[in-house]
Amino acid sequence: MLELKNVNVYYGAIHALKNLNLKINEGEIVTLVGANGAGKSTTLKTISGLLKPESGEIKFNGESINNLKATDLVKLGISHVPEGRRVFPKMTVMENLEMGAFIRNDKELNNDYEKIFSLFPILEKRKEQLAGTLSGGEQQMLAIGRALMSRPKLLLLDEPSMGLAPIIVKEIFDIINNINETGTTVLLVEQNANLALNVSHRAYIIRNGEIEAEGNAREMLKDDKVRKAYLEG
Ligand code: ATP
């Protein structure tokens with residue numbers, strides 16, 4: 001579904017992604033594991049069109065998407081939930097969900113709001129509340145719900161567990177699983193690698209902007225080198 005081939009991304013003089021190669025098959029949950037500053041968020045921003053690669057190729061369903069704008073990528077089916085959630089704080093929950101549907105004008109919109117509310121019942125209760133007054137967990141749910149309103153084929157999630165209590169994290173990860181099982185492919189970036197690998201099919205380890213290893217997520221969980229570097233302590 002998605003393929004990155006020898007992708008190079010710079011921030012000025014900083015070479016943030018170095019000949020990055022990555023593949024995601026339809027139906028998978030894939031996790032990017034790596035230390036702070038390894039290039040995980042940069043990878044997601046590059047896929048969603050917020051950053052442009054200096055060289056290399058990005059293909060989505062066989063089509064080159066290097067030169068497409070972020071809005072066009074949403075139309076193609078790529079939706080990004082950025083780190084730190086970034087809901088529109090002065091808008092209500094409902095208005096935030098409507099923003100997520102900005103590319104659409106079809107008859108199934110109402111149905112889809114209902115789907116979001118059955119996935120996240122708390123959002124229905126908070127429908128008229130300003131998003132900025134929601135708890136951290138509720139804001140994360142709203143950020144995911146808003147992204148789902150564009151009906152993505154590929155959902156990019158950046159640190160969904162950040163700053164949340166363990167019980168809320170578990171709830172969010174159960175929902176990520178559910179979203180995947182109902183047909184959405186997921187690329188996940190997560191500091192909590194243990195948790196992420198447990199829900200993922202495959203994973204890539206990224207270090208200093210380069211892919212260091214790739215493999216089956218469950219096997220990675222058992223790998224001594226991976227455990228020592230990313231899962232313990
Ligand atoms: P974290 O988990 O800490 O967010 P990350 O793996 O997501 O880490 P990135 O945010 O992708 O890492 O950053 C990769 C590298 O690019 C880092 O060295 C970082 O300092 C640098 N970088 C990121 N954003 C910018 C920016 N806007 N300007 C300059 N350098 C940046």
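1. Gln-140 is in contact with Val-81, Arg-85, Glu-159, Pro-160, Leu-164 and Ile-172, leaving aside its neighbours within four places in sequence. Contact means heavy atoms within 4.5 Å. Gln-140 lies in helix α6. At 1% relative accessibility, Gln-140 counts as buried (buried is under 20% relative accessible area, exposed over 50%, partly exposed in between, with a 1.4 Å probe and protein chains only).

2. A word on the basis. This is a predicted model, where local features need pLDDT of at least 70, side-chain atom pairs count only at pLDDT 80 or more, and totals for chains, interfaces and linings use all residues. Residues are numbered from 1 along each chain as its sequence is written, and side-chain values use heavy atoms, with hydrogens and water left out.

3. Helix α6 spans residues 136-148 and helix α7 residues 166-181. Helices (H or I, at least four residues) and strands (E, at least two) are DSSP runs, numbered from the N terminus. The axes of α6 and α7 come within 10 Å and cross at roughly 15 degrees. Axes are lines fitted to C-alpha atoms, for helices over the stretch in contact, and angles run from 0 to 180 degrees between N-to-C directions. α6 and α7 are therefore roughly parallel to each other (under 35 degrees; over 145 is roughly antiparallel, 65 to 115 roughly perpendicular, the rest oblique).

4. The crossing of α6 and α7 is right-handed (the near helix is turned clockwise from the far one by less than a right angle; anticlockwise is left-handed). On the α6 side, the contact is made by Gly-137, Gln-140, Met-141, Ile-144 and Leu-148. Ile-168, Glu-171, Ile-172 and Ile-179 contribute from α7. By class, this contact has 6 nonpolar, 2 polar and 1 charged residues. Ala, Val, Leu, Ile, Met, Phe, Trp, Tyr, Cys and Pro count as nonpolar, Asp, Glu, Lys and Arg as charged, and the others, Gly among them, as polar.

5. The crossing of α3 and α4 is right-handed. Met-94, Leu-97 and Glu-98 in α3 meet Tyr-113, Ile-116 and Phe-117 in α4. The contact has 5 nonpolar, no polar and 1 charged residues.

6. Now the mixed sheet. It is open, with 6 strands in the order β6-β7-β8-β3-β9-β10. Two strands pair if DSSP finds at least two bridges between them. β6 (78-81) and β10 (210-216) stand at the edges with a single partner strand each, so one side of each has no neighbour in the sheet. Neighbouring strands are turned by 15 degrees against each other on average, direction ignored.

7. β6 and β7 (residues 154-158) run parallel, joined by 4 bridges. Ile-78 has Leu-154 of β7 as its bridge partner. α6 lies across β6 and β7, at about 170 degrees to β6. Helix α1 (residues 40-47) lies across β3 (29-33), β6, β7, β8 (185-189) and β9 (202-207). α1 runs at about 150 degrees to β7.

8. The antiparallel sheet is open, with 4 strands in the order β2-β1-β4-β5. Its edge strands are β2 (14-24) and β5 (63-64), each pairing on one side only. β1 (residues 2-11) and β2 pair in the antiparallel sense over 7 bridges. Tyr-11 has Ile-14 of β2 as its bridge partner.
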